[in-house]
Amino acid sequence: MRNNNLITIIIVILFSIFFSVNKIIADDNCATLKQAILFYKAQRAGRLPDKDISWRGNSVLTDASPGSSFDSNGDGDLSKGYFDAGDGVKFGLPMCWTMTMLGWNYIEYQSNIESCGLTDLYLNVLKWGTDYILACHLSDNVFVAQVGDGNVDHSVWQPPEFINYVRPVYLINSSYPGTELAMEAASALAAASIAFKSSNPSYASTCLSHAKTLHNFGNKYQGPYSTSVPQASAFYNSYSGYTDELVWGSVWLYRATGDSSYLTLAENYYTTNNVGYAGTSNSFDWDQTATGSSVLLYKLTGKAFYKQMVDQTLSFWSKGGGITYTPGGLAWIREWGPCRYAMSMAFLATVYGTDSSLQFAQNQLSYVLGDKTGQSFVVGLGPKHPINPHHRAAHHSTTNDIYNPVNNLYMLYGALVGGPGSDDSYVDDRSDYTKNEVALDYNAGFVGTLSYFAKGSSSSTTTTTTTTTSSPTTTTTSNPSSTSSTTSTPTSTTTSNPTTTSTTSSNPTTSTSTTTSNPTSTSTASSTTSTLTPTSTTTSNPTLTPTNTPTTTSSGDGTTSETTTGDLGTSGDSSNGTSPTIKPTSTSGTSSGTSSGTSSGTSSSGTSSSGTSTGSSQNTPGIEKDGSSSDALGLSDILPLSIITLFILSSIHLLLNN
């Protein structure tokens, strides 16, 4: 009897250890998820209502649509939204796709997000993006495609709080259509209408109304957005065309409304254009949405053909299926940003939900967190992680120099960097934007995959008062200056509205304004996000006349050369085909890169005649300022612990039987 009691006690203890370890891992994934979501707060533009990212301040307050008025704070209607990557441009794509992904993830894994106590934070991040999309919808058939010129922006290496150059506004309309962008914006707002339906029904209704109108716009006036907005083509060219977005947008409207006419439209476009096959040997991303549509259509209809398309895609992404695998186990589809592609496909795999697809998702997540090779690709997480992502705000140079200071002044926690070469090689080098770019779309699939595996124990959903744990000190010996047309110094407060000037030209899709006073960098003033949609339209566009425009030469074969005095490079993002090869030169450094799929990456070496900056180097990787570890327990820890526990239990069972 005594032996039986002892054995019973041992079994109880082992079971307790097993479930406790799994709970710790799940809760740790909650902590990782929180950091991944907070990355988006580090990307915010406009007047910031909180200091959740203590080192970010107000920026681009005068971004405004043509003919609009500034609000009582002097802010333009397009001042908010998200910066694309490590730069200061607001690209409609991939930003709208990112919001669709965040909305979809919330719909799928709302209970997991809630269990982690992250609901308020998550919806706050989502709404900051969808508010901007609503503001961009100027009238039924007019939508803002982009704010800021990538070439001008990338010629300067400075935090967004210092931006003071001309920022053009590019539009799509009935004369200059952009089906991909209109459909993606419709998808984002449709997903948001579902996500906000219970917590904010009025806002959900507004989102759905705009989604319907945008879908009609994109379907009625069909044409590639990167043709109508050529300024986007060097950075985010639409290589896959817009037929996949016609399906994608229609599926999302069907899911949001239940109106079968949208489903009929989606299935017709899917079949007529062979959309499903286009995704079976490709990535799922802002440009190529085919497999996402296949997953949704299968889940919504149960039809075998859609399942076949998903199975073929996941087979391609499996070892031996066609895609390259690194020695450490990353499904590596192309050089530029392979981690984001793996995470986006991993998210789809979690939604699909088979045993093999979930194993694929877990393996890919384990890789990017550093469990497979010891090298994490998430800033601030893991035993060995990046500290120098290609990011102007986190680096915070005040001398227009990508190399000064040596290390980023601020840790961009939770940001997924581009990733390794096909041989697992990786160097934490800020100037190597191919491997160290971070971007809105990079984190989208990462957040989604984490959300599936993060099952916390919290019943609270209040997480809005978040602070960063790394804030190295900075000493500036003189006012920053750059190569832009103005050298005014950022200040801590703004007491008057910035002045803008405009000049009209013949281009019907752009408008520009010149800011003559710098946005503040440290203001904590709050403002209520507006969801009102301006009704003005424009068919004329002011001329872009910055004094720091790079010299660009096109060879006619997709290769572009540019000479700048600051940030050295642009990137073209593609999911299909070959994007431009950029060969920039500079008086202080040279960098070149060939893109086969990414966000707007840059490499730079710039100098300034005045202004130097010194700052403490980054914290020891994995250690917070308070000395605590930020390392995440790997998902791969679950399997060995489970095996050991089951082995012990089996042994005890045998002893009892004997």
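This is a predicted model: local features need pLDDT of at least 70, side-chain atom pairs count only at pLDDT 80 or more; totals for chains, interfaces and linings use all residues.
Me: What makes lysine 90 and aspartate 63 a salt bridge?
Reply: A salt bridge is a side-chain nitrogen of Lys or Arg within 4 Å of a carboxyl oxygen of Asp or Glu. The closest N and O atoms of lysine 90 and aspartate 63 are 3.0 Å apart, so the pair meets the definition. Helices (H or I, at least four residues) and strands (E, at least two) are DSSP runs, numbered from the N terminus.

Me: Why is lysine 90 called buried?
Reply: Buried means under 20% relative accessible area, exposed over 50%, and partly exposed in between (1.4 Å probe, protein chains only). Lysine 90 has 1% relative accessibility and therefore counts as buried.

Me: Are lysine 303 and glutamate 267 buried or partly exposed?
Reply: Lysine 303, at 40% relative accessibility, counts as partly exposed, while glutamate 267, at 15%, is buried. Their side chains meet in a salt bridge of 2.8 Å, N to O. The pair links parts 36 residues apart: lysine 303 is in the loop between helix H12 (290-301) and helix H13 (304-316), and glutamate 267 is in helix H10 (residues 260-272).

Me: What separates aspartate 311 and lysine 307 in helix H13?
Reply: Aspartate 311 and lysine 307 are four residues apart in helix H13, and therefore about one helical turn separates them. The closest N and O atoms of this salt bridge are 2.9 Å apart. Aspartate 311 is partly exposed, with a relative accessible area of 32%, and lysine 307 is partly exposed at 32%.

Me: How many salt bridges does a search of the whole structure find?
Reply: The search finds twelve salt bridges.

Me: Why is H5 called roughly parallel to H9?
Reply: Angles under 35 degrees count as roughly parallel, over 145 as roughly antiparallel, 65 to 115 as roughly perpendicular and the rest as oblique. Axes are lines fitted to C-alpha atoms, for helices over the stretch in contact, and angles run from 0 to 180 degrees between N-to-C directions. Helix H5 (residues 179-195) and helix H9 (residues 243-257) pack at about 20°, with their axes 8 Å apart. That angle makes H5 roughly parallel to H9.

Me: Why are H3 and H5 called oblique to each other?
Reply: The axes of helix H3 (residues 119-136) and H5 cross at roughly 135° and come within 10 Å. H3 and H5 are therefore oblique to each other.

Me: Which residues make the contact of H3 with H5, and how do they divide?
Reply: Contact means heavy atoms within 4.5 Å. Among the residues in contact are Leu123 and Ile133 of H3 and Ala185 and Leu189 of H5. The contact has nine nonpolar, one polar and no charged residues. Here Ala, Val, Leu, Ile, Met, Phe, Trp, Tyr, Cys and Pro count as nonpolar, Asp, Glu, Lys and Arg as charged, and the others, Gly among them, as polar.

Definitions and conventions. Residues are numbered from 1 along each chain as its sequence is written. Side-chain values use heavy atoms; hydrogens and water are left out.
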